[in-house]
Amino acid sequence: MNHLIDFLAVALLGIGTGAIINWLADDLPFSNVIKRPHYPDGLPRPPRAWVGLIAFLTGGRVSPSGAKLSLRHPFTEVIIAILFVYTVFQNGFTPQSLYLMGCVAFLGLITVMDLEHRMILVLVIVAASIFALVGAAAAHPWERVTFQDHLLGGILGFVVFGILYLGGFIFSAVMANMRGEALEEVALGYGDVLLAMLSGFILGWQALIFAVTIAVFLGGAGALVFMAMRLVIRGRYEWFTALPYGQYIVLGTLIMMLWRAPVIAFLQRGG
């Protein structure tokens, strides 16, 4: 019974954290000023609607003008709650769990803003990186992974994805020039470079290699699904369309955070 109460408390913490993520994601991409939780039309939400899940369950989803909160609000809160509960279930109430839950919260905020606004903010990356490094020094989240490993992971992520970013920029510029178009988007953004750096800070350089491998495969699968959907819906697909890549880096990072040992063992023996 005590464990059930503990997990319920963690779930509520996850829902509250998800609500904070939604609150920040509504304002940070547009301003450094964080307003009171509001609807898409800017009208303030009543306190009972500050948590998206409660807003949907109690009829507080719609503002007086008819603007509706998106499904992103309850979905984010539920996903964060599930990840928090799973983390505590696997690791107990330990410094490692606190470290992982903090990283999950930052990655959740980054994912929401990247998917919805195509933005990875430097301010959020800096705050998350400080948390990751301080947490790694204090909590020692994984055995045989030193603080230097975390530092090297960030450097490795930045360098590798920096090279990919420059290569993608040159490729996109050449293709745009050949088509006689202005360069508007690149295959890999600078925000993805910073996100890869953060992933390295969180995981350490050894696990980062596996996270990047997972992200590459997930990105390829996601591109194929996107292409197939465009062909089905529109009957055509524009080659070299830039797709957001941040969510795949986040997924690779989460997988290595939560299932580090079994994934490494699986990949090392070739599946």
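Reply: Start with S199. Leaving aside neighbours within four places in sequence, S199 is in contact with L208, A211, I249 and T253. Contact means heavy atoms within 4.5 Å. This is a predicted model, in which local features need pLDDT of at least 70 and side-chain atom pairs count only at pLDDT 80 or more, while totals for chains, interfaces and linings use all residues. Residues are numbered from 1 along each chain as its sequence is written, and side-chain values use heavy atoms, with hydrogens and water left out.

S199 sits in helix α7. Helices (H or I, at least four residues) and strands (E, at least two) are DSSP runs, numbered from the N terminus. S199 has a relative accessible area of 3%, so S199 is buried. Buried means under 20% relative accessible area, exposed over 50%, and partly exposed in between (1.4 Å probe, protein chains only).

Step back to the whole chain. The protein chain has 10 helices and 0 strands. Of its 271 residues, 44% are buried. Take the contacts with a separation of 6 or more: residues 24 or more positions apart account for 67% of them. The chain exposes about 14,600 Å², and carbon and sulfur atoms supply 72% of that area. Accessible areas come from the Shrake-Rupley method with a 1.4 Å probe; for residues, only the protein chains shown count as cover.

L188 lies in the loop between α6 and α7 (190–203). L188 counts as buried because its relative accessibility is 9%. Not counting residues up to four places away in sequence, L188 touches F161, L164, Y165 and Y245.

Now the charges. The structure holds 4 salt bridges. A salt bridge is a side-chain nitrogen of Lys or Arg within 4 Å of a carboxyl oxygen of Asp or Glu. R45 and D26 meet in one of them, at 3.8 Å from N to O. R45 is in the loop between α1 (2–27) and α2 (52–58) and D26 is in helix α1, so the pair ties together parts 19 residues apart in sequence. Both R45 and D26 are buried. D26 also forms a salt bridge with R72, with the closest N and O atoms 2.7 Å apart. D26 lies in helix α1 and R72 in helix α3, so this pair ties together parts 46 residues apart. R72 has a relative accessible area of 12%, so R72 is buried. Shared partners join D26, R45, R72 and E116 into one network. E143 and R144 form another salt bridge, at 3.8 Å between the closest N and O atoms. E143 is exposed, and so is R144.

Then the rings. The whole structure has 6 aromatic pairs. Rings of Phe, Tyr and Trp (its six-membered ring) pair if their centres lie within 6.5 Å; planes under 30 degrees apart count as stacked, over 60 as edge-to-face and the rest as tilted. Y86 and W259 form a tilted pair, 5.4 Å centre to centre with 45 degrees between the planes. Y86 is in helix α3 (residues 72–91) and W259 in the loop between α9 (246–258) and α10 (260–268), 173 residues apart. Y99 and F131 form a stacked pair at 6.2 Å and 10 degrees. Y99 belongs to helix α4 (residues 95–117) and F131 to helix α5, 32 residues apart. Y99 is buried because its relative accessibility is 2%. F131 is partly exposed at 30%. Y99, F106, F131 and W142 form one aromatic cluster. The charged end of R260 sits over the ring of W142, 4.3 Å from its centre. That call needs NZ of Lys or CZ of Arg within 6 Å of the ring centre and within 35 degrees of the ring normal.

Last, the surface. A nonpolar patch there has about 960 Å² of accessible area together, and includes F158, Y190 and W205. Patches are made of residues with over 30% relative accessible area and no salt bridge: like charges are joined within 9 Å, nonpolar side chains (Val, Leu, Ile, Met, Phe, Trp, Tyr) within 5 Å. Helices α6 (147–179) and α8 (205–234) are the elements that give two or more residues to the patch. The largest share, 8 residues, comes from α6. F158 is in helix α6 and is partly exposed at 33%.
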